[in-house]
Amino acid sequence: MKRVVIVGGGLSGLAAAFRIRQAHPAYHLTLLESKPRLGGNIGTDHADGFTVERGPNGLFDAKPHAIQLCKDLGLGGRLIPASEGSRKNRFVYLKGKLHRLPGDPIRLLFNPVLSVGGRIRALTEPFRKRPANVPEDESVAEFARRRFGKEAADVFVDALVTGIHAGDPERLSVAAAFPRLPLFEREYGSVFKGFLRAAKTRRQGAIDRGEQPSPQRMWSFREGLQVLIDTLAERLGDVTRTGVSVNGLSVSGVGWTVHAAGEQLPADVVVLTTPADHQAGLLSPLNARLGELVGGIRYCPIAVAVLGYRDADAPVRPDGFGYIAPQNTKRDVLGVQWCSSTFPDRAPSGHVLWRALCGGVNRPDVAALPDDELRRVVHRELTTTMGVTGGPVFSRIVRWPKAIPQYDLGHPARVAEITSLAANFPGLILGGNAYHGVAINDCCEQAEHITRRV
């Protein structure tokens, strides 16, 4: 009977454990998590009638993996869609006001955020040929300037990077952080054309499955994303063990030994899904170069300030998902999610609930502020951007010192070398969001890959 030990009880580890149990119920499976709770950055708090997501706010159906996981867990019927307004309306805060992001080329043509020249430069992207001398690994900013022009890169692409990675477009690898963009350029000669082709393929796929084609949107559960974590934990049962720190790995001719606090667990396969720095500590004694490469993956800090206001004190309540403040504007808040507009049950009647994300690569100083000061900073920002007239009646601060891995230039080559070195240790599988995607869908997709490798 094959013995599999998974180190790390975030979504990556939990989803991998569930998929392995599905495919191979006879395997002896153990999942170890050092913290007292499972779920990693995913978790939901309930207080005073407010529902607070500590990490991700929902599941996107742009890829099928997260929604399929929910269905396979028997949760498909409990999924609720985000509001129609939150799907259509997303904003940037620039030049002292909120501007709706254009959802199609026609809206971009009349969007005042860019100059007329900037709009024309962006809209002519389909006619721009790919130069022969494009570097093998190009930054997101370089790619965006080349395809869409400097203005669009400084506004829209900066906002995209801020909203997903809280990173620096000048440092992030487009091939690693947004792999579809260079792929579309290579295959279709244009990013716009690639997205149109992808949308057509998605619609046809729905028709082939006998489903009604629908736009991409976000989903959650009425009680929050904690439902997903709790259901995974319930289905896995005594496979999972919390409060168990893993401090070493050793390998011999008979297999692996996982050295946990006060015990040694034998394994045929070891799956690591913990953050990169923890993986590096376990891998360095096996191979110094492998540990160095994994440990070189940077993370950025995020502080989430969740504030609830009375309706009367929040006169500006757009029907939408929220807004981003592009990082080149150097504001104290990266962006604000209008949680009770996206999922109305997130706040009690007569109130709104908003989440401000602070920190990131360029403003770690804000993420490090004491709780009281961070509340004041965020409230001050909301009086400016959202016209708030009274103080919050509810607040919650959540801190993630290592929130999001940064796929810097050189990341694809780094991951290729990591993969090559790890292949010298049969039975060792490296996973988690440090390598192939930071989103929930990416973690669920990687769980499927891990299962096939096991």
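This is a predicted model: local features need pLDDT of at least 70, side-chain atom pairs count only at pLDDT 80 or more; totals for chains, interfaces and linings use all residues.
Reader: How much space lies in the second largest pocket?
Author: Rolling a probe the size of a water molecule over the atoms shows where empty space is left. For the second largest pocket, that space comes to about 550 Å³.

Reader: Which residues are the closest to the centre of that second largest pocket?
Author: The lining of this pocket is made up of 19 residues. Sorted by kind, they are seven nonpolar, five polar and seven charged. The ones closest to the centre are Asp61, Lys71, Arg202, Arg209 and Glu211.

Reader: Which helix gives the largest share of the lining of the second largest pocket?
Author: Two helices, α2 (65–72) and α10 (191–208), each supply at least two residues of the lining. The largest share is four residues, and it comes from α10.

Reader: Is aspartate 48 buried or exposed?
Author: Aspartate 48 sits in the loop between β3 (44–47) and β4 (50–53). Exposed means over 50% relative accessible area. Aspartate 48 has 65% relative accessibility, so it counts as exposed.

Reader: What is the phi of lysine 95?
Author: Most residues other than glycine have a negative phi. Lysine 95, in the loop between β7 (90–94) and β8 (97–100), isn't a glycine, yet its phi is positive. The value is about 55°.

Reader: And what is the relative accessible area of lysine 95?
Author: The cut-off for exposed is over 50%. Lysine 95 is exposed, because its relative accessible area is 69%.

How values were computed: Residues are numbered from 1 along each chain as its sequence is written. Side-chain values use heavy atoms; hydrogens and water are left out. On a 1 Å grid over the protein atoms alone, a cavity is a set of points where a 1.4 Å probe fits but cannot get out, and a pocket is an open set with protein on both sides within 12 Å along at least five of seven lines; lining residues have an atom within 4 Å of a point. Grid points are joined across faces, edges and corners, and a volume is the space filled by probe spheres set on the points. Ala, Val, Leu, Ile, Met, Phe, Trp, Tyr, Cys and Pro count as nonpolar, Asp, Glu, Lys and Arg as charged, and the others, Gly among them, as polar. Buried means under 20% relative accessible area, exposed over 50%, partly exposed in between (1.4 Å probe, protein chains only).
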